[in-house]
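Hi,

Here's the model I said I'd pass along.

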Amino acid sequence: MTTQSGPPAARTGVIHDIGYRHYEGHRLGRPAIIRALAWYSLRSAFGIGRGAKAKIIPVITFAVMCVPAVVNTVAVAGGRGRVVDYDTYVFQLRVLIMIIFIAAQAPELVSRDLRSHVLPLYMSRPMRRLDYPLAKLAAFTAACLLMLEIPLIILYVGNILSAGGGSAVWAQTRALIPGMGVAALWAVLLAAIGLVLASLTGRRAYATGMIAIYLFLTWTLSTILVKIAQQGPVGPGNVPLGPNAVAPPGARLGGLISPFTVLDGVRQWLGGTNPGPIPPPGSVGFLYGIMFLVLLAASLAGLAARYRKVGAA
């Protein structure tokens, strides 16, 4: 075996100054990070910035939600009165569309990040653990508001275009304001429920299933219980009482099961007079207000607890 004699080859290297330097400008900090994350999440809720497939459900659900407002506009222009109310809109259609939208889009905001394990990257910025769910909740609430409020605005514009005089326009405005408030209650509660359920798993299909099953089954169960309870009351000889009779307690309390009927109970408790899926709650209306706060508080607390746990992992 031969060996090479002589000194080892000298190792040489060159350090290149390519101009990197520390950032010395103004740092925007946490508020800007939260705003940027909320804006990105709001766009994601409607598939903006992603492929055409991600836009299918948001576009279809939004278009279907606006159909009653367009039909009402045509009817009013043809000389008929308003056929769609502001506060109840078309209740069954609104329930169905919101179940689909929330079940499909809430996992888009949170489940993907859980599955991809990118939360440590978010937390490496100057963010606190609760900043992430706060931004997501603000974004999804805004998305639900757009889904619920824009059809009401279309409905309002269609009504005032055919209104005869300032008093008629003012009457439509007075009817719109409570409807917008009811829609805001829907957006806040449903966004919180959707996000807390979606945050339980990183698998989007599982999250979608949990949200859809919870919202649909509670809505169905509440509807069945109310209808069963509404078989009474009856008078002598099993003759049903008149339509103005006070509903039995079971019918007035059966709506406490579902978020949708809870929202309608709150609407009627606050003064709404249009018929809804449950009879007027009357003296037990305050229970719907309490249940609304309980559902909202439980959802927010669950969301905070979930991301404290995830952030600590």
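The largest pocket holds about 260 Å³ of space. A pocket here is an open set of points on a 1 Å grid over the protein atoms alone, where a 1.4 Å probe fits, with protein on both sides within 12 Å along at least five of seven lines; lining residues have an atom within 4 Å of a point. The volume is the space filled by probe spheres set on the points. There are 14 lining residues, and Asp 87, Ala 175, Pro 178, Gly 272 and Thr 273 sit closest to the centre. H6 (166-198) and H9 (259-269) each supply at least two residues of the lining, and H6 gives the most, with four. (Helices are DSSP runs of H or I, at least four residues, numbered from the N terminus.) By type, the lining has seven nonpolar, four polar and three charged residues.

Before you go further: this is a predicted model, where local features need pLDDT of at least 70 and side-chain atom pairs count only at pLDDT 80 or more, while totals for chains, interfaces and linings use all residues. Numbering starts from 1 along each chain as its sequence is written, and side-chain values use heavy atoms, leaving out hydrogens and water.

Now the helix pair. The axes of H1 (residues 30-45) and H3 (residues 91-116) come within 9 Å and cross at roughly 140°. Ser 41, Ser 44 and Ala 45 in H1 meet Phe 101, Gln 105, Glu 108 and Leu 109 in H3, with contact meaning heavy atoms within 4.5 Å.

Cheers

Technical notes: Axes are lines fitted to C-alpha atoms, for helices over the stretch in contact, and angles run from 0 to 180 degrees between N-to-C directions. Ala, Val, Leu, Ile, Met, Phe, Trp, Tyr, Cys and Pro count as nonpolar, Asp, Glu, Lys and Arg as charged, and the others, Gly among them, as polar.
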